[in-house]
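Here is a short tour to read alongside your model. Keep the viewer open and follow the headings.

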Amino acid sequence: MKQVLIDGYGQPEEFARCAEVPDVGAPGAGEVVFDVLAFPINPADVSFCRGTYRLKPPLPATPGAECIGRVTAVGAGVSHVKPGDLVINLQRENWAQRRRVKGEDVIPVPSRMDLRQAAMLRINPPTALLLLTDIVTLKPGDWVIQNVANSAVGRLLIPLARARGVKTMNVVRRESLFSELKTLGADACVVDGPDLAEAVKAQTGGAAIRLGLDAVSGRATARLSACLGEGGVVCNYGSMSGEDPVMSRSTLIAGGQSLVGFILGRGLATRSLEQVRAMYADLGGQIMDGTLYAPVEKVYPIEEIKTALTHAQRGERSGKILVAPNGML
Ligand SMILES: NC(=O)c1ccc[n+]([C@@H]2O[C@H](COP(=O)([O-])OP(=O)(O)OC[C@H]3O[C@@H](n4cnc5c(N)ncnc54)[C@H](OP(=O)(O)O)[C@@H]3O)[C@@H](O)[C@H]2O)c1
């Protein structure tokens, strides 16, 4: 079977290759084997390949924080999934044609779910949801400001916020995205820059913004913080700039603001397996009824992993880059 291996940490397309490896074999007791139908290339996967992610296993290593798979066999004692079921996998190393994992790590998803959307269900939809629920208590009418608003997380967050009556101020790098984001339910959009706080105030009429969601880091964090009211919370959950977040002393000390971090794994770890399964069932339902949607720019075969990785690192994409290891979707 085919599996992506990286032989070094560095420029992803230089070190990643599609290798022929032994098959995963039959499932043991409590295990599940599934064919990987598709996986996305997320910023965290790129960071993993570069060696800048929090996990840096010995080489050669296989990336892949999420995928959608179809169960081919289950071991003794596994009853919540059966051959033919679509599943997402809570564990990593998914850039392969086949996986053999612990049964408790796979979560079944409805067979009618669009495979491209299902491939992106595991990480970004719950991230968008928990950024809204786990950082500060938001009431209807409250404002949230987010950068990378046209990312998958940003686009998913807009309808999730709207459903709660929470207003979104969406920061992007180009004005041409405004109409798409407004169609998704964005209350306001703004282009990032040195005068961000003034541009935001002009649109909110000076209403306090309680939460700033930052996945750019560097000075972008300080620009978001400048848009928040006294006591506001900036939540850093990514670094598209590759830098560490910067916040001014005055906003922290005199403004009483705080800078906190978010990672999905910690958010899921505070919940029981039943709660996690229920959350994915709810998010899956919202994907199937079209409420939640993340666009895809291109799907590649696994043999073209180097080209796919190069493409995934381009700015101004219209959507995710996916890889379909077992034949095109
Ligand atoms: N902490 C967690 O648990 C967690 C979970 C999921 C995702 N994340 C983070 O969330 C962020 C978005 O992920 P995603 O999968 O939704 O992303 P995505 O769909 O791949 O989109 C990437 C976004 O980053 C923007 N971008 C790229 N380089 C940039 C730069 N140098 N400065 C500012 N913006 C830049 C792009 O804007 P353009 O269109 O203008 O190029 C685009 O909006 C990432 O940082 C990711 O690591 C964190």
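Helix α5 (residues 152-163) lies across β8 and β9, and runs at about 165° to β9. Contact here means C-beta atoms, placed from the backbone, within 7 Å. Angles go from 0 to 180 degrees between N-to-C directions, with axes fitted to C-alpha atoms, for helices over the stretch in contact. Helices (H or I, at least four residues) and strands (E, at least two) are DSSP runs, numbered from the N terminus.

Before going further, note that this is a predicted model, where local features need pLDDT of at least 70 and side-chain atom pairs count only at pLDDT 80 or more, while totals for chains, interfaces and linings use all residues. Residues are numbered from 1 along each chain as its sequence is written.

Strand β8 (residues 143-146) runs parallel to β9 (residues 167-172), and 4 bridges join them. One of the residues to look for is Ile145, whose bridge partner in β9 is Met169. Two strands count as paired if DSSP finds at least two bridges between them.

Both strands belong to an open sheet of 6 strands with parallel pairing, in the order β10-β9-β8-β11-β12-β13. At the edges are β10 (188-191) and β13 (258-261), each of which pairs on one side only. On average, neighbouring strands of the sheet are turned by 20° against each other, direction ignored.

The domain assignment, which is automatic or from a database, gives domain 1 (2-120 + 295-324) and domain 2 (124-265). Their C-alpha centres lie 30 Å apart. Where does the ligand lie? Both domains give residues to the shell around the ligand, so it lies between them.

That shell holds 24 residues, the closest being Ser151, Ala152, Gly238, Met240 and Gly315; a residue belongs if its C-beta atom, placed from the backbone, lies within 6 Å of the molecule. Helix α5 returns here: together with α2 (43-50) and α4 (124-133), α5 gives two or more residues to the shell. By type, the shell has 13 nonpolar, 8 polar and 3 charged residues. Nonpolar covers Ala, Val, Leu, Ile, Met, Phe, Trp, Tyr, Cys and Pro, charged covers Asp, Glu, Lys and Arg, and the others, Gly among them, are polar.

## A look at Ala312

Ala312 is part of helix α12 (residues 305-312). Is Ala312 buried or exposed? Ala312 counts as buried because 23 C-beta neighbours lie inside 10 Å; the cut-off for buried is 20 or more, 12 or fewer is exposed, and partly exposed is in between.

Leaving out residues up to four places away in sequence, Ala312 touches Ile41, Val46 and Ile321.

Notes:
Contact = placed C-beta atoms within 7 Å.
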